[in-house]
Amino acid sequence: QLQASGGGLVQPGGSLRLSCDASGTMFSIDIMNWYRQAPGKQRELVAGISRGGVRTFVDSVLGRFTISRDNAQNTVALQMNSLKPEDTAVYYCNVETYNGNHYWGKGTLVTVSS
């Protein structure tokens, strides 16, 4: 139901933009999130945005990543700037609906390397 795109290989200091289309979700979406999982590490919440536009970020991406959404289209984007090798991970789109369900997209790989 969730289609994520935009991953790839980028050099340190570069930028990528991830997009996620959740228009196939049956129920009204409350919060839209991006998670990531690096090799050997637990999945972590990178950024989230509520329907009203309240944003949260993990400390390690503050000032570098921004998150935005289009409520009419049920899409969410993650703009990643000043990328670092430690940002390398599989990134997952996640949505939380008002009835408490969580939906996950297939991950998209982001590799930051010279």
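I looked for disulfides to begin with, and the structure holds 1. I keep in mind that this is a predicted model.

**Disulfide**

The partners are C20 and C93, with their sulfur atoms 2.1 Å apart. I placed both on the chain: C20 is in strand β3 (residues 16-21) and C93 is in strand β9 (residues 89-97). They are 73 residues apart, so I note a link between distant parts of the chain. I then checked the handedness. The torsion about the S-S bond of C20 and C93 is about -85°, so this disulfide is left-handed.

Are the two cysteines buried or exposed? C20 has 3% relative accessibility and counts as buried. C93 is buried too, with a relative accessible area of 0%.

**Aromatic pairs**

Next I turned to the rings. I count 2 aromatic pairs. In one, the ring centres of Y35 and W104 are 4.8 Å apart. Their planes meet at 55°, so I log the pair as tilted. Y35 belongs to strand β4 (residues 29-37) and W104 to strand β10 (residues 102-104), so the pair ties together parts 69 residues apart in sequence. Y35 is buried at 18% relative accessibility; the cut-off is under 20%. W104 is partly exposed at 39%.

W104 also pairs with Y92. This pair is edge-to-face, 6.5 Å centre to centre, with 80° between the planes. Y92 sits in strand β9 and W104 in strand β10, 12 residues apart. Y92 counts as buried, at 17% relative accessibility.

What lies over the faces of Y92 and W104? I found R43 over the face of Y92, at 3.8 Å from the ring centre. R43 also lies over the face of W104, at 4.7 Å from the ring centre.

**Largest pocket**

I then went to the largest pocket. Its volume is about 200 Å³. I listed the lining: R36, Q37, A38, K41, Q42, E44, S60, R64, K84, E86 and D87. Sorted by class, the lining has 7 charged, 3 polar and 1 nonpolar residues.

E86 lies in the loop between β8 (75-80) and β9. Its relative accessible area is 55%, so E86 is exposed. How far is the C-alpha atom of E86 from that of A72? I get 34 Å, for two residues 14 apart along the chain.

Notes. Residues are numbered from 1 along each chain as its sequence is written. This is a predicted model: local features need pLDDT of at least 70, side-chain atom pairs count only at pLDDT 80 or more; totals for chains, interfaces and linings use all residues. Side-chain values use heavy atoms; hydrogens and water are left out. On a 1 Å grid over the protein atoms alone, a cavity is a set of points where a 1.4 Å probe fits but cannot get out, and a pocket is an open set with protein on both sides within 12 Å along at least five of seven lines; lining residues have an atom within 4 Å of a point. Grid points are joined across faces, edges and corners, and a volume is the space filled by probe spheres set on the points. Ala, Val, Leu, Ile, Met, Phe, Trp, Tyr, Cys and Pro count as nonpolar, Asp, Glu, Lys and Arg as charged, and the others, Gly among them, as polar. A disulfide is a pair of cysteine sulfur atoms within 2.5 Å. Helices (H or I, at least four residues) and strands (E, at least two) are DSSP runs, numbered from the N terminus. Buried means under 20% relative accessible area, exposed over 50%, partly exposed in between (1.4 Å probe, protein chains only). Rings of Phe, Tyr and Trp (its six-membered ring) pair if their centres lie within 6.5 Å; planes under 30 degrees apart count as stacked, over 60 as edge-to-face and the rest as tilted. A charge sits over a ring if NZ of Lys or CZ of Arg is within 6 Å of the ring centre and within 35 degrees of the ring normal.
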